[in-house]
Amino acid sequence: MVVFLHYFLTLIFTLKSINGQYCYANECSIHSTLTGDVQNWALLIQNYILKLASDSMHREKTQEYFDLAEYKEETKYGDKLLDEMKSILDKYFENKQRAANRIAEHARQAHDTLYRKREEIYLKSAITNSSSHTSWRRSNGSLGYTHHKQLLHLDNNTYKDADIPLRLPQNMTFHPHFKRNVSLRHSVVKISDEIPRNNVESIWTVEWTHDLESTFVQNRELDPDIRWQYFGSKVGLIRLYPGREWDQNFAGFYNDYDPRVRPWYIGTTSGPKDVIIILDCSESMKSHGKFAIGTSIASVIINTLTRQDYVNIVCAHESHWDDIGKWHIYKTNVLSCQQDKMVKATLAFKRDLKEKLAKLKPGGTSEFETAFDTAFDLFQRKPKTGCQSILIFITDGQDTDGEKVRCGAGQYTRSGYVPGPICKYNWTRYWNMVKQRQQFHPRARIFSYLVKDNGQIFPGKLACENDGHFAILNDGENLINKMFNYFDYLSKASLSINGSWTSQYIDQWGLGVMLTYAIPVTSNIDGRLLGVAGVDVTLDDIEHVISSKSWGSVYGFLINRHDGDAIIHPGLKSTTIPIEDPISTHITQLEMTNNQPQEFQTIILPAMLSGEKGSKRLSNAYRATIRREFGTGTYYWSPIENTDYVFAFSLGESDEKFREVRQPKNLSKYDESFFNLLIEYNSTKARENLPGKFEHMQVKINDPKYKDVRVSYLYSSIMLAPRVYCDPSEYFYNDDLAQKTINAHIYINQRGDPSENDIGCKQKKATFHENTRAYVLISQPIERIWRRRPSELTKDIIWTYVGMRTGVFRTYPAHRSVRDYDHTTRGWYKRAVSLQDRTTASTPYLDLSGGGKVITIAQVLFEGMPSISNETCQEKVGQTSRKTKFPGGCPCSSGSDCLSGYCYQSAAPGLEHKQLRCATERIIGVTATDIRYDSFHSEIMKRMVASDGRRSCGSIYPCPSNQSKECSTRCYLVDHSGYLIVDPDFVNVSAFHESRYNGLTLGHKEGEVMADLIYKHGLFHRAETITFQGTCHVSKPSAKVTLKGIPANPEELDNKYKNKGPIPQFTNEYGCIQDQVRYRIQQSKLKWSELIIGEVNGPCMSGQYYVTPLVKTNLILVVIENYYAEQSKLFYNFNCKIQRSIVDAGAFRIINGTCAHKIEKLTSLYDEDKCPALRDVQIECKYNRTNKNQLSLIVIFYIITCYIDYYYS
């Protein structure tokens, strides 16, 4: 019987599962010899990782602290949160609007008062014929008088210039609100390079706008958090407060800046509009640089559009024969990736249009019928604004394209080939067609630009008969000034004198993503536009405020009421990450998937866009939480008064009854905690207020393990994320780090009456949110355990830490964190939360604190479980659809019994506290440790030694199929998304070359094996999504040779703005929308019995593979035996590259703008009666009704006539 049992067990352990089917080892592959070894290796590696996590983090102790903590259950009310946030945001936006109104009113008053005063003096001097009369210079094009002939004749107080060093304000100092040196006492002017500095308009505008400084200063006194304030003049200069030096380009020259083409100026003065550009792409545009001028004109138009506008470009040309009978194919086409409609003029869509403009090549006929038909079709389709339509027509005006362009097929005669007729175009037909199509609302104004003076009749008449303007442009320089009539029309078109909030855009002055409240300023003398007053708001300020009010899984978002586009949302890239292109998309793309839930689109969204305040509970809400799954959720929303914005909150079912820890009553067992800004304890201010603390910590600098980073081995340090503060903006931009450290240290170590709760922001002048100190205290004892770990264990451990859900972060050894650090947004935190029943490992990455290549091992911490009886557990199970799953606190035998997926012996009080109980479903934090990659790699590899001693990982041996070739055994650790965690090649890659070890997938490395796992065994399934958090690169990233010049630690990163020079750092990144391919593992395959075996022989490599999960982690082990891959090294092996690319993961195809975003706005602003009132602006328009050839004949005839008259006289 014993012998039989032995053979039976041997049989069981030699079975492998292949795609759910079992086979004997010798039937799976004739060369599979590592069957038993691989499963043994997986067990050894898993045990090592679990022991590493246990010995380094001691999760069970930290969990015990939270199990024993006192909790208070609160009922949270979403409508109360909504009212509180509405009050804050209404006041925030109202303050900025009042500031801008004060600037606008003062600008009007300053201009008109000074003008009337000088006009009176000028007229009196003219009557008396005074000598002073001749000294006045008067503007012909606008109101204005000045005595000065040059700007430099103005005194230094009136004229401070941002790009003349000798005219800069004195004693500028660094200010964190502006991330640069500024003068809070003075403003500066910046004059566009295209504007003559010494003309009357420039000098006059500098003089009268100087009076605005008093209002700028007053606004800052009333609202200390206010950002840039400015007045942009219509003459092309801006007065900016606070004063600063202008940025320089890489050559050291000051960058140009023209306020008239900025989004806040154009959006305010012109209002929303629909713009179609028809570009003549015919053969005749090839010569004399005409096509380059034409594309430059189109680019200028595109650059001056804002997100409130819609646009598209039509390239006009058609097919033709040439003079030798060859047929050339051309077709009029629409340039945007969405060719059947106009597109919103976002930065991404504008980039798409400009990239395609740059690739255009002229050729073909000047047949414009299709082009104009297409343009008018686009005007009539939605989406559009419907407020005003502008058609830009760019052409050389020629009615023929030369000898090579024929509009008919030639024929062969006895004397040879006779080409078809030269194309000659009938302009009358186009004029009539345009007249017929101009029946829709609003009628399109046509602005024609003639590139070189070849024929004015066609474009001139087209513009003048359609309320537009005609201009001749002979070169592509100074186009904004040469196209003055177009921009002048835009500035005069809107009747509105009210201010408005812009769409988001990137601040050219370095403060990230902005909103601007801008007001057009007109003179009371004659009603002409003087310019635009503006006040900026940074989105990260608003994001901090919204996030500071969240708890549990609650999140907030901000949308634009005009179009439903999201401005702030967890699914978008954080606004605190400055990047060149702010991405936004329709809110339904972020709160819905596969058109679900329908109620969001049919009930909630219409109410939001109509400006209503309300709430709605959905049973199938698709909430933007880490796990991204359907569940019960409630939306609360409200408009922000006097803006076009709506903010909303989404609450999960578990957020309505929320348990929160309370400060421990017995404080004697908790040691002192230290804030993370260690160096500030050495400041004069801190030494006075916290004497002896710096010496007590024994801070070390240049420790061999931590280069250039200050650490203390005696203590851990506390980092408080911005959202922990009652006023996140005040914290984030407060540069008094010493006082910040003193305040934080006193708060986290306060030992008051235990019965008094820390009620946080409800108190006046409070700094931190409620119960922040409780998390600091409860987590403090783990510091002693971390400190006592043996040196043999910690020699390769870089940091050990615990990050709690409220934003409190404790790390050992004590060191500084970057100012905007929020651990809940980090990959290691999200990964652990999404796999809460497992120990998780990150992909290798470069630690900027000097640790080199590291890997993070993490485990979640659960909220302390409530005391619950067996009877209550059975009742709760009966109330849920998952009848075999128990809630937190109920007895269990394994994680599969629990809703949380985790079963353990808890120290929490309860009737069954000595037996295993289910963890709660709520996560209270994550504990983690960083280990050097090389050490982790070595420990993994040393555990993978083959029983035969020959085929261990990394071993080389003769290939079974061909003894003359060398094969090897390759081993990988891969996470549940297919990303490589351990790869033999990572060891030899420089830590600076992060792109070669971070974010690489098994498909990228071993395409044949990954393909088998996906399509044959079903271990992974492919998921394609669109990500709105993408980062694209101008050029391919390359390895860092050194970290010199790059912030290498948190201290340097915090001080980056202080220490930077005037020349900007090159930015290789910009925000983009991407098609994202991800692979997700099939959870049903994650069993110890699941050993997948297969054999591959592909274009890259050949070998036998073994795959098995490490079931208590997020990892799987992949071993390839008899690995042979010489063919993958051949540079021309394209099949190998294809094989790997089709199973690789990542973001591959950049979607320019929102080309994949097919949601159509079914109504226009005109339909919704939201268009601003427009003036009936009369534009001067004239052209020469004689073409160039006719004019030449007339001139010749005139000369001959004159000669004859002279000769015979």
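Which residues of E26 sit on one side and which on the other, and are they buried or exposed? Keep that in mind as you go through the views below.

This is a predicted model, in which local features need pLDDT of at least 70, side-chain atom pairs count only at pLDDT 80 or more, and totals for chains, interfaces and linings use all residues. Residues are numbered from 1 along each chain as its sequence is written, and side-chain values use heavy atoms, leaving out hydrogens and water.

**View 1. Strand E26, covered on both faces.** Tyr555, Phe557 and Ile559 are on one side, Gly556, Leu558 and Asn560 are on the other, and all of them are buried (under 20% relative accessible area with a 1.4 Å probe, protein chains only; exposed would be over 50%, and partly exposed is in between). In a regular strand, side chains alternate between the two faces of the sheet. Because six of the six residues of E26 (residues 555-560) are buried, the strand is largely enclosed by the rest of the structure. Strands here (E, at least two residues) and helices (H or I, at least four) are DSSP runs, numbered from the N terminus.

**View 2. The partners of E26.** To count as a pair, two strands need at least two bridges found by DSSP. Look at leucine 558: its bridge partner in E30 is phenylalanine 647, and in E27 it stands opposite isoleucine 568. The hairpin of E26 and E27 has five residues between the strands, and there glycine 564 takes a positive phi near 80°.

**View 3. Trp41 in the largest nonpolar core.** This core has 68 residues, and Trp41, Phe936, Leu973 and Leu1117 have the most contacts inside it. A nonpolar core is a set of buried Ala, Val, Leu, Ile, Met, Phe, Trp, Tyr and Cys residues joined through side-chain atoms within 4.5 Å. Helix H3 (residues 35-57) gives the largest share, nine residues. Setting aside neighbours within four places in sequence, tryptophan 41 is in contact (heavy atoms within 4.5 Å) with residues including Leu34, Met944, Cys971 and Leu1117.

**View 4. Histidine 186, tucked into a loop.** Its loop runs between strand E7 (180-182) and strand E8 (188-191). Histidine 186 counts as buried because its relative accessibility is 16%. Leaving aside neighbours within four places in sequence, histidine 186 is in contact with Asn157, Lys160, Pro169, Glu213, Tyr241, Pro242 and Gly243.
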